[in-house]
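Please keep the 3D view open while you read.

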Amino acid sequence: MVKICCIGAGYVGGPTMAVIAFKCPAIEVAVVDISFARITAWNSDQLPIYEPGLEDIVKQCRGKNLFFSTEVEKHVSEADIIFVSVNTPTKTRGLGAGKAADLTYWESAARMIADVSKNDKIVVEKSTVPVKTAEAIEKILTHNSNGIKYQILSNPEFLAEGTAIQDLFNPDRILIGGRETPGGQKAIQALKEVYAHWVPEDRIICTNLWSAELSKLAANAFLAQRISSVNAMSALCEATGADVTQVSHAVGKDTRVGSKFLNASVGFGGSCFQKDILSLVYICECNGLKEVANYWKQVIQVNDYQKNRFVNRVVSSMFNTVSGKKIAILGFAFKKDTGDTRETPAIDVCKGLLGDNANLSIYDPQVTEDQIRKDLSMKKFDWDNPIHLQPMSPTVMKQLNVVWDAYAATKGAHGLCLLTEWDEFKTLDFKKIYDNMQKPAFVFDGRNIVDEQKLREIGFIVYSIGKPLDGWLKDMPAVA
Ligand SMILES: NC(=O)c1ccc[n+]([C@@H]2O[C@H](COP(=O)([O-])OP(=O)(O)OC[C@H]3O[C@@H](n4cnc5c(N)ncnc54)[C@H](O)[C@@H]3O)[C@@H](O)[C@H]2O)c1
């Protein structure tokens, strides 16, 4: 029986391994982690991450051919194929701080593999890593090898949170990069056979190691660039009276452009886009490609601009101050159908409003109060460390109230900000909300999910990103 071990039981390791176990009953899959809390949650009824469809497959495989364990060394030593899916945060200090990927966790995983291995292994990079990381990993393993042979493969993950199970069941492509040696090709074939249990062969792309590593950074950069492009247009739409939804519809109809990923919003978030673009920028700089680095840097700058612009719209519309005013925040996760808040634009928007002394009342259907408080008190990039290394006791913030209902959040509020496109927000009783708010009552739609005309008829002053401005907002500046 082939044995797989995955180091890192996070948003990637957990779902990907659950799907491999589900699709390959003859393969034994162990997911290991240094975080005891995470593994305990994976073995409980309350999984550590929310992802539609995940619970069902975990329940079907757990204890049969899928195991979650903190016995990292035992499972690594027994495995034939080891996936490494640990955090690769942005460095916060030293060389490359604020840009370069921090490979501390990756390196310690590689050293541990070298320490405990007793037979030949295939080591698979599942984490997103800078191009050429495989070379470094190879060096660590071979210099500590004791005669054991290692093949390093790059198999980046393209799942999107919120649709992870669907994406894993039916991927656009599986990318496997390996050495162009007979040993490398044999390892590629072994991993290909795992995926071939359910992925059609023509969707399994095999490349050299560096192409696979770089393709992941490139794919995230392209995706984020689309969002920044449409968000840049949204600012111009507001200035000119064009409607960004009409513009993106018209542009997206061109088959060369395509219609996906063209929704204007308060900005992109999630654990990957910013981190991976910063890593790409750093790699370009290290290779002397200043112009290329600056090009990609702009994608992040436009994203920051969009979040600032949103905060400025809120504050300037409300007579240039939100001090002491109650603002309801509906949605905190970085997108719908996930409880993930890593790099969510809600963090920057909330921090901006708190900076202007607002009182925030936050509701998100999947995010806990503890998580929100932690996110709002954590330093930039600290979130991307294993949970047990993150600050445990968030600072108490009196201006913050977390509630479990959109109506409670908006009761008595001066304004409400929609920051995540949860379906339930589309069907709220806005008349009831309006009646219970202070007047004038403001809605700031950061996801373009409300019918702004209907809301205006109710009496709200409405700001929707990139849409023709409400008369109230026309003379208000929105510069970042
Ligand atoms: N989240 C996504 O949507 C996504 C998508 C594609 C790729 N990625 C990449 O995948 C990687 C993992 O991302 P994630 O979202 O799953 O992160 P995560 O923080 O949810 O999970 C990483 C896990 O690794 C564990 N870990 C760290 N060092 C370890 C060690 N030495 N031994 C055992 N466990 C260790 C941590 O405790 C943590 O539970 C990152 O490189 C990320 O960029 C993420």
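This is a predicted model: local features need pLDDT of at least 70, side-chain atom pairs count only at pLDDT 80 or more; totals for chains, interfaces and linings use all residues.

## The annotated residue Cys272

Next, have a look at Cys272, which carries the annotation "active site" in an unreviewed UniProt entry. Cys272 sits in the loop between α10 (244–252) and α11 (273–286).

Is Cys272 buried or exposed? There are 26 other C-beta atoms within 10 Å of Cys272, and 20 or more count as buried, so Cys272 is buried. If you set aside neighbours within four places in sequence, Cys272 is in contact with Thr128 and Asn220.

## Helices α11 and α12

The axes of α11 and α12 cross at roughly 165° and come within 8 Å. That angle makes α11 roughly antiparallel to α12, since the cut-off for this term is over 145 degrees. The crossing in which α11 passes α12 is left-handed.

From α11, the contact draws on Gln274, Ile277, Leu280, Val281, Cys284 and Glu285. From α12 come Lys290, Val292, Ala293, Trp296, Lys297, Val299 and Ile300. By class, the residues of the contact of α11 with α12 are nine nonpolar, one polar and three charged.

## Helices α12 and α13

Helix α12 (residues 290–317) also packs with helix α13 (residues 345–355), at an angle of about 40° and with the axes 9 Å apart. The pair α12 and α13 is therefore oblique, and α12 passes α13 in a right-handed crossing.

Which residues of α12 meet α13? They are Lys307, Asn308, Phe310, Val311 and Val314, and they face Pro345, Asp348, Val349, Gly352 and Leu353 in α13. In this contact of α12 with α13, six residues are nonpolar, two are polar and two are charged.

## Ile327 in strand β9

Moving to a strand, you will find Ile327 in β9 (residues 326–330). Ile327 counts as buried because it has 28 C-beta neighbours inside 10 Å.

Beyond residues up to four places away in sequence, Ile327 touches Val322, Leu353, Ala358, Leu360, Ala413, His414, Gly415 and Cys417. One of these, Leu353, also belongs to the α13 residues that meet α12. Asn357 is 30 residues from Ile327 in sequence, with 11 Å between their C-alpha atoms.

## Glu452 in helix α18

The last stop is Glu452, which lies in helix α18 (residues 452–458). With 17 other C-beta atoms within 10 Å, Glu452 is partly exposed.

Not counting residues up to four places away in sequence, Glu452 touches Val462, Ser464 and Lys467. Between Glu452 and Val131 there are 45 Å, C-alpha to C-alpha, and they are 321 residues apart along the chain.

Methods
Residues are numbered from 1 along each chain as its sequence is written. UniProt positions are given in the numbering used here, feature names are shortened, and annotations may be inferred rather than shown by experiment. Helices (H or I, at least four residues) and strands (E, at least two) are DSSP runs, numbered from the N terminus. A residue is buried if 20 or more other C-beta atoms lie within 10 Å of its own, exposed if 12 or fewer, and partly exposed in between; C-beta atoms are placed from the backbone. Two residues are in contact if their C-beta atoms, placed from the backbone, lie within 7 Å. Axes are lines fitted to C-alpha atoms, for helices over the stretch in contact, and angles run from 0 to 180 degrees between N-to-C directions. Angles under 35 degrees count as roughly parallel, over 145 as roughly antiparallel, 65 to 115 as roughly perpendicular and the rest as oblique. A crossing is left-handed if the near helix is turned anticlockwise from the far one by less than a right angle, and right-handed if clockwise. Ala, Val, Leu, Ile, Met, Phe, Trp, Tyr, Cys and Pro count as nonpolar, Asp, Glu, Lys and Arg as charged, and the others, Gly among them, as polar.
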